[in-house]
Amino acid sequence: MPASSEILDTETLRNKIIGLGEKSIRKSYYPELQRRIDELEGSNRRLTTEIRERNASEEALRETNEKYRALFDTMTEMVTIQEIVRDGSGKPVDLRVLECNESFSRISGIDATEAIGQLASELYRVSEIPYLAEFARVAEGGDPFFYEEWNQSLRRNFAVSVVSPKRDIVASIATDVTDLSRAMDMLCEKNRELENYLYVASHDLRSPLVNIQGFSARLSRQISDIAARIKVIKGGEGDVGDAGDMVELAKLFEENIPRSLEFILTNVQKMDRLINALLTVSRTGRLTLNVKSVDMNALVKNVIDAFAFQIEQSGAKIELSDLPPCFGDENLLNQLFSNLIANALKYRDAARPLVVTISGYVTSRTASYRVKDTGIGIESKHLPRLWDVFFRVNWDSETKGDGIGLSIVKMIAEKHQGSVSVESTAGEGSVFTVEIPVVRFDERARG
Amino acid sequence: MAMYREIEIIIVDDDEGHAELIGEGLAESGVSYAISRFSNGEELWTFLTGGTVFGKTRAADRAYILLLDINMPKVDGLEILTRMKANPSTHDIPIIMLTTTDDPLEIGHCYRLGCNAYITKPVDFASFAETLRRLGLFLQILKL
């Protein structure tokens, strides 16, 4: 075999060169040679190990690189690595893209081949790079910098953090926070609603409380008055005084005290009504929807049937056209339309016959239902507060209500991820439009 | 010579209990002026513009002070305030808002519309009585 003969040849050659033969073993310079051989073999071993280690670390580096590259590209954040471009005087004037990940290309629509090597000003077609001074500061070893920006062309919100992996290089990591911002806006809006709700509720509860406290204080004075007069009578100080005191006592018992008590009891009942109304609102808000396909023709017909008496009494005419189906909770939708129709009947204009027209149509994902009446209408100044709990445009004995009907309508529509709106002209009538999804939805997944 | 005019306090409040407590509180603080009451802005406006409400008609030789609630049926306090300040025959009548609303926006709004004072009805009766007592003292030194 050529390999073994080669080894043999090399062996012979080495023996020849360094004069190592059987007989040389006895020679005096042998230990010196042996030391050199050991030395050479040692360095040979070290070199072999070094090469093996280098290969291994190169392999590890390649693996790490691949790992980071994969991470870089699979990140949902848009990442670009850029170099600060400076003018002759060293002033930062632009950024040059050195690297970008796949999310960058996917979200921005700019391919990596197109982006890499380009100046940011040319790539994004801007005359001035926003936050360039901050980028430069980070690139010079400053603390990382964070900002949020609304990208008009992508119509999305980004939270960007800028870090510097090495001098004059910056990496910007942009997280799409559009959904988060929307959720936040929705939360703020809900919070405002809740605050208003609390304000209105506490305000309306205060009013009867003023009476209860005031008349209780009066009652307490009346009792002291009785006690004082009884004391006088018991003392028997003169006939005239007795007679006068008896008249006063009779007045206290027959008129004054019953009047105080009546005020107290009426206002306790008023508070009770308000608290019950609040509980109704809160219960509606906490109900879990039983979502299914709803035949709205049947549902609205049921609602109208339930109002048959009031409709007949008021001489109202109900015009019902074919309604598209939708997805929702039958009981709550029944409640919603009952409230709207009850309002239409309640706020009719005595001067003309009431006509309530109920119609519906479908637009892409939502079914819209319109309840139009020829009632008294609502003045525009009342519209902003119309959906507030306890808000009543007008209240007297004839149109007594709790003032929660429309807040419940709004709550039910919103629980269905829908909406309700109103258009109204005072003296002509109102149109309430309710939008409900036509596809199945998950109550918990909002927005 | 200035004509002496008798003063009358008009309480405009839809809550009968509140109106009675206000009247009582003022009387207890020593206010000896006549006190009358309307239960909403519509009644008040009819009265102020010369109409007769519950047999009462506005008298030329009387000076009126209004204690006005905001949330009332038919015509509310803000509407009355706006109408009164726009009408020369009612423009000069002093208006004190007396209401349960303590919303700063509402208070600011009333002052912009031209009310003379804004008083929140306290829930606590002791404070309520104290508020009325001070109001009563203020009304007694008011020159009309």
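**Exercise 1. Describe how helix 2 of chain B passes helix 3 of chain B, including the handedness of the crossing.**

Step 1. Helix 2 of chain B passes helix 3 of chain B in a right-handed crossing. Right-handed means the near helix is turned clockwise from the far one by less than a right angle; left-handed means anticlockwise. Helices (H or I, at least four residues) and strands (E, at least two) are DSSP runs, numbered from the N terminus.

The model is predicted: local features need pLDDT of at least 70, side-chain atom pairs count only at pLDDT 80 or more, and totals for chains, interfaces and linings use all residues. Residues are numbered from 1 along each chain as its sequence is written, and chains are lettered from A in the order in which they are written.

Step 2. Take the geometry. The two axes come within 9 Å and cross at roughly 20 degrees. Axes are lines fitted to C-alpha atoms, for helices over the stretch in contact, with angles from 0 to 180 degrees between N-to-C directions.

Step 3. Classify. Helix 2 and helix 3 of chain B are therefore roughly parallel. (Under 35 degrees is roughly parallel, over 145 roughly antiparallel, 65 to 115 roughly perpendicular, the rest oblique.)

Step 4. List the partners. Gly41(B), Leu44(B) and Trp45(B) of helix 2 meet Gly77(B), Glu79(B), Ile80(B) and Arg83(B) of helix 3. Contact means C-beta atoms, placed from the backbone, within 7 Å.

**Exercise 2. Locate the buried residues of helix 2 of chain B.**

Step 1. Helix 2 (residues 41-48) buries Gly41(B), Leu44(B), Trp45(B), Phe47(B) and Leu48(B). (Buried: 20 or more other C-beta atoms within 10 Å of the residue's own, C-beta atoms being placed from the backbone; exposed: 12 or fewer; partly exposed: in between.)

Step 2. They cover an arc of only 160 degrees around the axis, so they sit on the same side of helix 2 of chain B. The arc is that of the directions from the helix axis to the C-beta atoms.

Step 3. These residues pack against strand 1 (6-12), strand 2 (34-38), strand 3 (52-53), strand 4 (56-57) and helix 3 (77-86) of chain B.

Step 4. Look past the helix. Gly50(B) follows, with a positive phi near 100 degrees.

**Exercise 3. Work out how helix 7 of chain A crosses helix 1 of chain B.**

Step 1. The axes of helix 7 (residues 178-235) of chain A and helix 1 (residues 16-28) of chain B come within 9 Å and cross at roughly 45 degrees. That makes helix 7 of chain A oblique to helix 1 of chain B.

Step 2. This crossing is left-handed.

Step 3. Val210(A), Asn211(A), Gly214(A) and Phe215(A) meet Gly17(B), His18(B) and Leu21(B).

Technical notes: Two residues are in contact if their C-beta atoms, placed from the backbone, lie within 7 Å.
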